[in-house]
Amino acid sequence: MSMMSYLFRRLLTMVPVVLGVLTLTFILSRMMPGDPVLAYLPAGKPDPVLYRYWVHELWLDRPIIVQYFKYIGDLFSGNWGKSVSIAKGQDVWELIMLRLPRTIDIAIFSMIIAAYFGTKTGVISASHRNKPRDTILRGMALVGVSIPVFYLGVLLQYLFGYILAWFPATGYKTMDYGDPAFVTGFRMIDALISGELYIVTDYLYHLILPVFCLSFITLAGITRQSRSSMLEVLEQDYIRTARAKGCAEKDVIHIHAQKNSLIPTITVIGLNFAGLLSGAALTETTFGLKGIGKLLIDAIRQTDYWVLNGLVFVITIIFVLINLVIDILYAVLDPRIKY
Amino acid sequence: MEQTYELEEKFKIEEKENTFGSILSWIWRNLKFLVVPGSRLEELTTRQVEYEKLVSKRKMISRFKSILTITGIVIIFIVITFAVFAPWVSPYNFDLANGVLAGAWSPPNALHPLGTGKFGRDVLARMIYGARSSLTVALPAITFSVIFGVIFGVIAAYYGGWIDAIIMRVTDILLAFPGLILAAVFISILGQRIENIMIAYAILGVPYYARLIRGNVLQARSLPYVEAARVAGAGNWRIMFRHILPNCIQPIIISFTFDIGGVILSLAGLAFLGFNDPTLIEWGNDLAGGRLFLNTAPWASLWPGFMILVTVLGFMLLGDGLRDALDPRLKNL
């Protein structure tokens, strides 16, 4: 019960942040050039009568405060408007919901690989401090933190896509394969449900390079933080006591030290998630995947008002959920934190 | 009118050079310590203090002497040379590097050591000139964010209460956006010029530094020296900026160095997506432009990207070296 009240209190502190983000987006997207009404008009020269009708329909002639409240209400009720320039006239909800699962796929795969291997690598690096293993891992982590996502992507495309031709360079499916029947929107799950395993293997085969690219960079950051916090933990008195009592070195690390080093690392994992989204935008542009990262960049480029608002809302909700998960993890890992 | 008298030569009293007396006084001065206890103590203490200062400076410098940090410093030095002395270092000047020439996408040859890219522009010249825009945006923007972030963070943490709550909510809101996206939105609103890019990054960096220094100031606020300063009559601003701030500045310095690398990466990302100043030479832009011809002319994309990697690597190495050098745990090593 106290866990629920803890979650509830955390949600309450998130509410002003979400409202602030939505307000900021409202202000910024109103300042962007471009006309939001054009999405509702048919192609060609806009008819003045129709234009005025739609301006009235969309409440664009009311005072700005009233428009602000309609904006918030619309977002939460699912009425996200129609796209102006990216896919003219298409419902924004459909557009986003079609592409969101692909970005979630990449993001989840990258995050799981990066978090798991990153913490492990950091622990190994810290426990063999200044030995060759540590030096190599630190060097790779340093390169991973300094390399731009798109450069790594282009390098992988050139090396593995063109010279060695082991993996496909762009896209998330081969041209002739169709889409599985729509159940959840996630391509892998739908293909598993409908039994078309060739789609699953093809999808994974196409995702190897982008996921490697994104996860390498996230892994580098997590490794650095994990190593640093593990070094701090290894200097504590209780580790010295465990060694003095005759504990084997691997037990000292795995049983006593490892869990205590996780808390700052999880903070970094959570922080990296916001960066993961912008990294996903760059990765999707490099590898030609149709996810919401690329959609966001296109929306900003072509100043598509409705798509931008809907996307920012989705991103904010995801961000809030991730923060909640991180807070739950804190409470689970550190028994000193009381709900 | 008074008459000034001056002694004539023959009446001036001469001091005979008393060698024996000067020898005696020298002996007494230097051997006084044998007879009078505590006569050279002051001298010794001042000399010891000077020696300690010298030794600790040497220790600090020796901690910087790791080979990686020196590599980082050398890389940064090279990049800054490229940026400042670009017209003299690069084989072609800016107009030739930005013009429309013959021989696009040609492989490395004698005229163009690294090949050419779009419109026949030399890759090496563009690599060198690209350092200018990256450094010009990164350094002022981060300086601005550090100054204002520190001010806001110290004020928020010192006063606490509703000021703290408001400033922290604003930083939360700004930090909830992915940085690249917010920068792209700012640039599309303000227009694609280099001043607007600088403003966008300056504003985006402020909440990060505010949060960073807020943690330290919160811890330092309850320490005895703050109370002592207040008892001695110091006002709030004086305590904040003359007493607390210098003790909390260390993570800011380290973060500053890492952040320069981060902003250069972010800038390259924006340029890759096309949100840069089109009249300037940017590494990310070259990388994006060369992608279409990746299979036939890989040098056009791979070399600019390599330059981004090396530049950011240099700043990261320096940041790592600084962090290790300033680590309080290593003070006695």
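Start at the interface between the two chains of this predicted model: select 33 residues from chain A and 31 residues from chain B, which together make the contact. On the side of chain A that touches chain B, colour the elements that give two or more residues: helix H1 (2-31), helix H5 (132-146), helix H6 (149-163), helix H11 (262-287), helix H12 (292-301) and helix H13 (305-333), all of chain A. By class, this side of chain A comprises 24 nonpolar residues, eight polar ones and one charged.

Two packed helices are described by the angle between their axes and the distance between the axes. For H11(A) and H13(A), the axes cross at roughly 170 degrees and come within 10 Å. An angle over 145 degrees counts as roughly antiparallel, and H11(A) and H13(A) are therefore roughly antiparallel to each other. To see the contact, show side chains on both helices. H11(A) supplies Leu262(A), Ile263(A), Ile266(A), Gly270(A), Phe273(A), Ala274(A) and Leu277(A). From H13(A) come Ile315(A), Phe319(A), Ile322(A), Asn323(A), Ile326(A), Leu329(A), Tyr330(A) and Leu333(A). The contact of H11(A) with H13(A) has 13 nonpolar and two polar residues, with no charged residues.

Now hide chain A and display chain B as a cartoon. Chain B has 14 helices and zero strands, so its pattern along the sequence reads α-α-α-α-α-α-α-α-α-α-α-α-α-α. Along the principal axes, the C-alpha atoms of chain B fill a box of roughly 100 × 60 × 60 Å. The radius of gyration of chain B is 31 Å, whereas a compact globule of 333 residues would have one near 20 Å. Colour chain B by burial: 39% of its 333 residues count as buried. Among contacts in chain B with a separation of 6 or more, 71% join residues 24 or more positions apart.

Finish on chain B with helix H13 (residues 283-290) and helix H14 (residues 299-325). The axes of these two helices of chain B are 8 Å apart, and the packing angle is about 155 degrees. H13(B) and H14(B) are therefore roughly antiparallel to each other. The crossing in which H13(B) passes H14(B) is left-handed. On H13(B), select Trp283(B), Asp286(B), Leu287(B) and Gly290(B); on H14(B), select Ala300(B), Ser301(B), Pro304(B), Gly305(B), Met307(B) and Ile308(B). These residues make the contact, which by class has six nonpolar, three polar and one charged residues.

Conventions
Residues are numbered from 1 along each chain as its sequence is written. Chains are lettered from A and ligands numbered from 1 in the order in which they are written. This is a predicted model: local features need pLDDT of at least 70, side-chain atom pairs count only at pLDDT 80 or more; totals for chains, interfaces and linings use all residues. Axes are lines fitted to C-alpha atoms, for helices over the stretch in contact, and angles run from 0 to 180 degrees between N-to-C directions. Helices (H or I, at least four residues) and strands (E, at least two) are DSSP runs, numbered from the N terminus. Angles under 35 degrees count as roughly parallel, over 145 as roughly antiparallel, 65 to 115 as roughly perpendicular and the rest as oblique. A crossing is left-handed if the near helix is turned anticlockwise from the far one by less than a right angle, and right-handed if clockwise. Two residues are in contact if their C-beta atoms, placed from the backbone, lie within 7 Å. Ala, Val, Leu, Ile, Met, Phe, Trp, Tyr, Cys and Pro count as nonpolar, Asp, Glu, Lys and Arg as charged, and the others, Gly among them, as polar. The radius of gyration is taken over C-alpha atoms; the globule rule is 2.2 Å times the number of residues to the power 0.38. A residue is buried if 20 or more other C-beta atoms lie within 10 Å of its own, exposed if 12 or fewer, and partly exposed in between; C-beta atoms are placed from the backbone.
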